[in-house]
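Let's take a walk through this structure together, stopping at a few places along the chain. Have the model open and follow along as we go.

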Amino acid sequence: MGENKKIVNGIFHVHTDNSTKDSALTIDRLIERCKELGVTAVTLTDHGVMTGIYEFLKKCKEAGIKGVPGVEAYVKGMGPVLSRVHMILVAKDAEGLKAINKAVSESYNPQNMEDGFPLMNIDILKKFMGPGSPGYGHVFATSACVAGPLAQILLNNMYVEKEVLKRIEKQKGYENPESPEYKILLKQQEDILQKLETLTAERDALNVLSKKAFFKKEKTVKALEGTDLYAQAKAELDAEILESKTATEKLAAVREEISKISKEKTRLNGLIKDSERDHEKWNVLQREIEELKGTLRPDDALFGDAKKLALQLSALFGAGNFYIELQYHGIDTEAKVMPKLVKLADELNLPVVAAKDVHTAT
């Protein structure tokens, strides 16, 4: 990589408060801090906007600092995990600045907006900066931070594993469909339904007995009074009357039991529905986990994909105009991806730029 190294006393990859919700650094404080540090050149790459560029260039010139205009663009269609990745675009000259401005403007077209973010894509990059365009060869591009296209590919498995763990953690808030508690509820529901079936049949039978009428039979028995058949007929009638009376008394108890069990059935049904709502959410997360696991790939395959994309981007911006950007802020993803990015630059003989993702003047 020796032939690709160029050391400049400057600051690269800087955000100001023009990057909405992204930086607390004003252009004035940026220039002031550059002067304090003896910086001779600084690049402004606000997220998705160019609104501060002309103020930045004017104040840099007044301070005797070389101001370099650029943008950290949101680009869709390049990351296997994130729907949008970051890419640094820096103007080499006025023609490059014009190309970046046009690309940023197009990213704000309604069809390119997503969740409030202005998005570029490979077609927009080709249209304004690719071969045959007025901006071709007039723009430097870098692979940006860990949210950049190359890092996203190389870190695919780490991101996938983190996403899987997030969903596993979220699943803990919902009941597993195979939980013993749910099976107990189903068994209790089954037992209650069987009890209700038995009690309902008993209630219906008792209801018939309790409403049994004896007027005609009493007249028939009365007519037998004084005969040898009377005693037996009277005994049978008394037994039936007693059975009906007993049925009436028992019917009240059975109805009370049915009411009690019906309430328990309603309670259980509610618990089961709550569980099944949980199961639905748990299953959705499980499907997402399985889909994510399906995107895990061998490291050498991911490295091959990153090489392929790096070559495409190098061809898009022109030889020597696409840089591998290296950052380290003590973040695990940066530590993991940096050696792979260095290897990528070595194998493809691509230039490298070291940067800090500047958001404050500290």
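Before the first stop, a word on contact: two residues touch when they have heavy atoms within 4.5 Å of each other. Keep in mind, too, that this is a predicted model.

Start with T333, which you will find in helix α11, residues 332-348. Is T333 buried or exposed? Its relative accessibility is 5%, and because buried means under 20%, T333 counts as buried. Leaving aside residues up to four places away in sequence, T333 touches V146, L155, M158, Y159 and K162.

Now turn to helix α2, which spans residues 53-63. Here I53, F56 and C60 are buried. They cover an arc of only 60 degrees around the axis, which puts them on the same side of α2. What covers the buried residues of α2? The cover includes helices α1 (27-37) and α3 (94-107), along with strands β2 (41-47) and β3 (66-76). After α2 comes G64, with a positive phi near 75 degrees.

Our last stop is P134, in the loop between α4 (122-129) and β7 (139-142). At 56% relative accessibility, P134 counts as exposed. If you look from P134 to M113, you cover 21 residues in sequence and 25 Å in space, C-alpha to C-alpha.

Methods
Residues are numbered from 1 along each chain as its sequence is written. This is a predicted model: local features need pLDDT of at least 70, side-chain atom pairs count only at pLDDT 80 or more; totals for chains, interfaces and linings use all residues. Side-chain values use heavy atoms; hydrogens and water are left out. Buried means under 20% relative accessible area, exposed over 50%, partly exposed in between (1.4 Å probe, protein chains only). Helices (H or I, at least four residues) and strands (E, at least two) are DSSP runs, numbered from the N terminus. The arc is that of the directions from the helix axis to the C-beta atoms.
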